[in-house]
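I opened my notebook to record, entry by entry, what I looked up in this structure and how each term was defined.

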Amino acid sequence: MKKSTATAICGKGGVGKTSFTALMVNVLAARKDKRMLVIDADPACGLATSLGVTVQKTIDDIRKNVIHSTSNGRKGSRAEVLRMIEYELFSALAEEGNLALLAIGRPEDAGCYCRVNDLLKDIIADLVGNFELVIIDGEAGTEQINRRVMKTVDNLVVVSDMSKKAMDVAKMIHHVAVDNRAVDTIRMGLVLNRARSDREAEKRAGESPLELLGWIPEDETVRDYDFHGRSFFDFPDSAPSMKSVMQIADKLRFS
Amino acid sequence: MELFQHIFAAFREFLDKKDVTTVWNADVAHQWPAGGNRNIVMADTMAVELGNPSAESLSAVLWTEDLEQVSDGTITLIGPDIPESRGVSLPYAKIVLLGVNGFNEENTCDRFGDLELVKYDVDLRGFMLRALSRRQNEWCRIDGDAWEKGFSFRILGSELIRLFRETDYVHSAEVVFVTSGKGDVLELKDIMRDVTQIVGALDKMNTDLSFDCSTCEYQTVCDNVSGLRSMHASMRNRRRN
């Protein structure tokens with residue numbers, strides 16, 4: 001089994017995290033020799049839309065199905081439930097070429113998910129082993145970091161815009177990840193979105209404990225793609241934001 | 001103990017009226033390499049797909065103690081084989097017929113569980129299987145490398161027969177694959193509907209602690225299939241003791 005490189009992308013809501021992730025996925029998908037699993041861990045499921053991928057079923061749907069099925073008088077052995085989740089999980093993968101997308105969805109029902117969550121965790125861990133690259137678009141804020149969801153990723157990319165509020169969240173993520181040891185990440189860095197120049201980006205990054213991986217200029221093309229709901233797979237390589245993301249991808253370890 | 005006698009008869013009738021494409025003898029000596037943990041076949045490397053959830057699929061295991069009803073080592077295919085189906089997603093049914101002995105009220109449920117799990121032991125490089133036993137669905141993919149090396153239903157059937165024969169109470173094994181069309185799979189599903197019900201009743205006996213038949217959804221199944229009631233009574237006594 002090849003080693004997977006997992007990269008999680010997090011940050012404050014509204015800073016352009018999902019657009020950045022979509023561009024990163026586009027850059028990496030072009031590397032046809034690598035099979036990539038994209039996990040949309042943001043309950044809003046915006047990444048799937050940005051990539052033009054239709055999600056038929058989310059992890060939360062699977063959870064509900066399994067709980068419903070095993071609470072209707074047929075408990076099933078652990079092996080059987082495991083196989084059931086495995087089947088459902090595979091049918092939830094949206095496949096596009098060398099890429100597969102899995103959406104987590106939004107847990108809404110009350111009740112205990114612990115057993116199913118444990119099984120899901122095991123199966124997703126097995127699934128991840130089949131991909132060379134894993135990209136996780138995390139939930140906005142620090143909750144998933146705090147809950148150690150991202151503990152074993154290789155790269156943790158914190159996206160921020162130039163606002164103080166977003167930079168404060170980035171600092172908070174760093175604090176939780178490093179000081180609270182919520183992440184064993186090999187590499188952690190900051191991506192500044194909607195910056196105007198190297199100088200402005202470097203100045204802002206200097207206020208953060210995070211290493212600056214790169215900055216992305218304000219780009220009308222991103223706005224246009226978001227506005228019209230166009231797939232970021234069709235995003236032009238010549239766009240300034242795309243060039244920046246290509247440089248950031250080179251800095252991260254994807255081998 | 002015979003649970004599937006009427007289904008065996010209906011299934012043989014189904015086979016008699018279909019155009020059988022190929023019949024092979026299992027080649028259990030020929031070993032296809034194992035796939036290990038890397039058993040996922042993604043769409044980009046897939047050559048052939050069987051039983052996609054959006055199509056029809058069926059997987060059933062029937063057993064009998066009447067060994068004459070099972071043609072040991074025979075693999076039958078109705079419909080196109082894998083080598084001639086590159087780039088195609090086929091509807092899929094797989095029926096395994098087993099000649100067994102020693103099934104009784106006390107061991108049938110456990111043995112049923114064991115036989116249901118045998119399909120997951122199939123570990124062939126380039127072959128992926130996902131199955132939902134409760135709905136008797138089976139979804140398989142064959143990757144391009146396996147396809148180029150000649151992966152076929154004979155290889156899959158031979159492996160299944162080899163694995164089932166490893167179970168000490170299984171004396172003979174026969175496999176029938178159907179890929180000829182959605183209509184044929186649906187027709188088989190109709191024939192195998194009772195299997196689903198019997199399997200459901202067995203499953204419930206195996207996992208549910210309730211012994212109140214008056215509230216059980218499988219009451220009519222147990223009324224119609226001889227042997228189920230005595231099996232249930234035997235389990236009740238075992239648990240009480």
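**Notebook: a strand and its neighbours**

I began with strand β6 (residues 155-160) of chain A and found that six bridges join it to β7(A), the two running parallel; strands here are DSSP runs (E, at least two residues), helices are runs of H or I with at least four residues, both numbered from the N terminus, and two strands pair if DSSP finds at least two bridges between them. I noted that this is a predicted model, in which local features need pLDDT of at least 70, side-chain atom pairs count only at pLDDT 80 or more, and totals for chains, interfaces and linings use all residues. Residues are numbered from 1 along each chain as its sequence is written, chains are lettered from A and ligands numbered from 1 in the order in which they are written, and side-chain values use heavy atoms, with hydrogens and water left out.

Within this pairing, I saw that Leu156(A) stands opposite Met188(A) of β7(A).

I then turned to the other pairing, where six bridges join β7(A) to strand β8 (residues 211-217) of chain A, again in parallel, and where Asn193(A) has Ile216(A) in β8(A) as its bridge partner.

Next I asked how many residues of β7 (residues 187-195) of chain A are buried. Eight of the nine are, so the strand is largely enclosed by the rest of the structure; buried means under 20% relative accessible area (1.4 Å probe, protein chains only).

Finally, I looked up chain A as a whole: it has ten helices and eight strands, and 57% of its 255 residues count as buried.

Technical notes:
Buried < 20%, exposed > 50% of the residue type's maximum accessible area, 1.4 Å probe, protein only.
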